[in-house]
Amino acid sequence: MRTLKSADKMRTQTLDAFQVIADPSRRQMLMMLSKDSKTINSIAENFDMSRPAVSKHIKILYNAGFISIKDIGRERHCVLKQDGFNQLQGFINYFDNFWSSKLRKLQSILNEKSKQ
């Protein structure tokens, strides 16, 4: 029973956007999907890993909001989705604003010093 609970925790564990893109294979999958939507099988053809391993990466990207999956006939097509990228952009924007504010303050101090 203990093993089952551990397996359930692993299955339902969600990763934040930075954990998702930390994996080079997932980053490569995102780059591939930036060119066009692809089936899971066509994605798998580009990697030296099993089809179930690719599916696991796809599931992680899906759960984090980086892709959507559309069933077209008997195939599942992966398409980029903006949600995961918005989380990354929000974090980056926060620190962009932080550093811009610090640089403006520094410039103000330097301008005051140069007037003296």
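Visitor: Which helix gives the most to the nonpolar patch?

Guide: Helix 6, residues 83–115, gives the most, with 6 residues. Keep in mind that this is a predicted model.

Visitor: What makes up the nonpolar patch on the surface?

Guide: Phe-18, Phe-91, Ile-92, Tyr-94, Phe-95, Phe-98 and Trp-99 form the patch. Together they have about 740 Å² of accessible area.

Visitor: Why does Ile-92 count as partly exposed?

Guide: Ile-92 sits in helix 6. Its relative accessibility is 45%. Buried means under 20%, and exposed means over 50%. The value falls in between, so Ile-92 counts as partly exposed.

Visitor: Where does Gln-87 lie, and what is its accessibility class?

Guide: Gln-87 lies in helix 6. At 42% relative accessibility, Gln-87 counts as partly exposed. The C-alpha atoms of Gln-87 and Phe-66 are separated by 9.9 Å. Along the chain, these two are 21 residues apart.

Visitor: On to salt bridges. How many does a search of the whole structure find?

Guide: The search finds 2.

Visitor: Why is the pair Asp-71 and Arg-76 called a salt bridge?

Guide: The closest N and O atoms of Asp-71 and Arg-76 are 3.2 Å apart. The cut-off is 4 Å between a side-chain nitrogen of Lys or Arg and a carboxyl oxygen of Asp or Glu. The distance is within the cut-off, so the pair is a salt bridge. Side chains of opposite charge can pair when their charged atoms come close.

Visitor: What accessibility do Asp-71 and Arg-76 have?

Guide: Asp-71 has 56% relative accessibility and counts as exposed. Arg-76 is partly exposed, with a relative accessible area of 42%. The cut-off for exposed is over 50%.

Visitor: How do you know that Asp-83 and Lys-81 meet in a salt bridge?

Guide: From N to O, the Asp-83 and Lys-81 side chains are 3.6 Å apart. That is within 4 Å, so the pair qualifies. Asp-83 counts as partly exposed at 44% relative accessibility. Lys-81 is partly exposed too, with a relative accessible area of 35%.

Visitor: Turn to helix 3. How does its reach compare with the expected span?

Guide: Helix 3, residues 24–35, has 12 residues. The reach from its first C-alpha to its last is 17 Å. At 1.5 Å a residue, 16 Å is expected, and the two values are close.

Visitor: Which residues of helix 3 are buried, and why do they line one face?

Guide: Ser-25, Arg-26, Met-29, Leu-30, Met-32 and Leu-33 are buried. Seen down the axis of helix 3, the buried residues fall within an arc of 160 degrees, so they line one face. The face turned away from the buried side carries the exposed residues Pro-24, Met-31 and Lys-35.

Visitor: What makes Asp-23 a cap of helix 3?

Guide: A side-chain oxygen of Asp-23 lies 2.8 Å from the backbone nitrogen of Ser-25. The cut-off for a polar contact is 3.5 Å.

Visitor: Why is Gln-19 called partly exposed?

Guide: Gln-19 has a relative accessible area of 40%. That lies between the 20% and 50% cut-offs, so Gln-19 is partly exposed. Gln-19 belongs to helix 2, residues 17–21.

Visitor: And the whole chain: how many helices and strands does the protein chain have?

Guide: The protein chain has 6 helices and 3 strands. From the N terminus on, the elements run α-α-α-β-α-α-β-β-α. Of its 116 residues, 23% count as buried.

Terms used. Residues numbered from 1 in each chain as written. Predicted model: local features only at pLDDT ≥ 70, side-chain atom pairs only at ≥ 80, totals over all residues. Heavy atoms only, no water. Patch = residues over 30% accessible without salt bridge, like charges linked within 9 Å, V, L, I, M, F, W, Y side chains within 5 Å. Areas by Shrake-Rupley, 256 points an atom, 1.4 Å probe, with all protein chains shown as cover. Helix = DSSP H or I, 4+ residues; strand = E, 2+ residues; numbered from the N terminus. Buried < 20%, exposed > 50% of the residue type's maximum accessible area, 1.4 Å probe, protein only. Expected span 1.5 Å × (residues − 1). Arc of directions from axis to C-beta. Polar contact = N/O pair within 3.5 Å; in protein donor to acceptor, adjacent residues only side chain to side chain.
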